[in-house]
Amino acid sequence: MAEILAAGEALERALALLESGDVVAIPTETVYGLAGDATNGIGVARIFEAKGRPRFNPLIAHVADMAMAERIAVFDPLSKRLAEAFWPGPLTLVLPQRPGNGIHPLVTAGLDTIALRMPRGFGGDLIAKLGRPLAAPSANSSGRISATTAQAVADDLGARIKLVVDGGATPVGLESTIVKAEGERLRLLRPGGIAAEEIEAALGMALLRGGAAGVEAPGMLASHYAPGAAMRLNAGAVGKDEALLGFGGQRAEGWRHAAAFLNLSISGDLREAASNLFAYMQELDRSGARTIAVENIPFDGLGEAINDRLSRAAAPRDNTEPTP
Ligand code: TXA
Ligand code: MG
């Protein structure tokens, strides 16, 4: 079983594992990441192995500073402005790779672009100390909910990895927002921890949305965030044997009879709701209810990303779980 070490005392052990080509689960401000040295093919392969992730899904490379980022990728002026405005933070930029950057091709699944992010906290310190970027997808097995606590990581991946660094519950609770330059504009590839409106305000320009050519972010496959239970969104009433995921002060009809009930934010605060989202989905899933009914959640601010995750979790299941 994986050892869980507090962030304050884990740096040396984490470094040693990464140096030896092994993986470590680390806290970031968004969700826990399963990190490996992005320049070491064995380390990157171990990430896929531990997650059971399909090989075509490219990973985010995490950097410690702007100099490291610019050794890896070529920044256009708009992306540079966003990096200056939001890094370190929950923003990922997809950029053309700089040739000879040393990134193992398994990280990018053979694409000539790379997703880059500069995380806050322990991850940033670890990367600076290592002197190399870390490839890190969310620390959950493929198709499952992202982990926002060290315990959730250990429960899911504990048998397959050696170390989980415990930095407490992740403050943002949603994965990073992913943006990609497209000519003179930027496209939103994945809504996430920074609201699209905030990015648009910083740019003074609207983001492009919706389908770019091809599957730009394969991790956006429909049923990526699936719990074991079925999900039913915008529920105005609770059905028989359903658990209820609430939001705000207005309750769905029959809520007292729900098999289990949790409220993402009693005060209707979307940031609080985002940080509770995955943990509450997991907890309601554990209640054994066949379906999780979810109350209506507004689409403004972080509500867009929350609704995105929920609709993926509610999508018809494809290859993620064998049906019992
Ligand atoms: O907050 C986060 O972003 C967390 C923490 C650990 O940093 N990481 C995370 O990684 O969510 P992951 O692997 O679960 O999601 C990465 C997403 C996937 O949807 C992947 O397809 C997309 O980034 N991606 C990676 N490289 C890409 C590229 N070159 N072009 C387009 N999308 C890319
Ligand atoms: Mg993920």
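**Group meeting: a walk through the predicted model**

Threonine 177 counts as buried, at 1% relative accessibility. Buried here is under 20% relative accessible area, exposed is over 50%, and partly exposed is in between, with a 1.4 Å probe and protein chains only.

Some housekeeping. This is a predicted model, where local features need pLDDT of at least 70 and side-chain atom pairs count only at pLDDT 80 or more, while totals for chains, interfaces and linings use all residues. Residues are numbered from 1 along each chain as its sequence is written, chains are lettered from A and ligands numbered from 1 in the order in which they are written, and side-chain values use heavy atoms, with hydrogens and water left out.

Back to threonine 177. This residue is in strand E9. Helices (H or I, at least four residues) and strands (E, at least two) are DSSP runs, numbered from the N terminus. What does the side chain of threonine 177 meet at 3.2 Å? A polar atom of that side chain lies 3.2 Å from the backbone nitrogen of glycine 192. For the backbone nitrogen of glycine 193, the distance is 3.3 Å. Not counting residues up to four places away in sequence, threonine 177 also touches others, including Pro90, Leu91, Leu188 and Ile199. Contact means heavy atoms within 4.5 Å.

Ile199 takes us to helix H8. H8 covers residues 196-203, and its buried residues are Ala196, Ile199, Glu200 and Leu203. Seen down the axis of H8, they fall within an arc of 100 degrees, so they line one face of the helix. That arc is taken over the directions from the helix axis to the C-beta atoms. What do these buried residues pack against? Helices H4 (77-86) and H10 (303-314), and strands E5 (91-96), E9 (177-182) and E10 (185-190). Just after H8, glycine 204 has a positive phi of about 70 degrees.

Next, aromatics. The whole structure holds two aromatic pairs. Rings of Phe, Tyr and Trp (its six-membered ring) pair if their centres lie within 6.5 Å; planes under 30 degrees apart are stacked, over 60 edge-to-face, and the rest tilted. Phenylalanine 75 and tryptophan 87 have ring centres 6.1 Å apart and planes at 90 degrees, so that pair is edge-to-face. Phenylalanine 75 sits in the loop between helix H3 (66-72) and H4, tryptophan 87 in the loop between H4 and E5, so the pair ties together parts twelve residues apart in sequence. Phenylalanine 75 is buried at 14%, and tryptophan 87 is buried at 9%. Tryptophan 255 and phenylalanine 261 form a tilted pair, 5.3 Å centre to centre with 55 degrees between the planes. Tryptophan 255 is partly exposed at 28%, as is phenylalanine 261 at 29%.

Now a polar site. Arginine 117 is in strand E6, residues 113-117, and is buried, at 2%. Its side chain makes polar contacts with the side chains of glutamate 29, at 3.3 Å, and threonine 30, at 3.2 Å. A polar contact is a pair of N or O atoms within 3.5 Å; within protein, one must be able to donate a hydrogen and the other to accept it, and residues adjacent in sequence count only if both atoms are side-chain atoms.

Last, the cores. The largest nonpolar core has 66 residues, and Leu116 and Ile161 touch the most other members. Helix H7 (150-157) gives the most to this core, five residues. A second, separate core has 28 residues, among them Val31 and Leu310. A nonpolar core is a set of buried Ala, Val, Leu, Ile, Met, Phe, Trp, Tyr and Cys residues joined through side-chain atoms within 4.5 Å.
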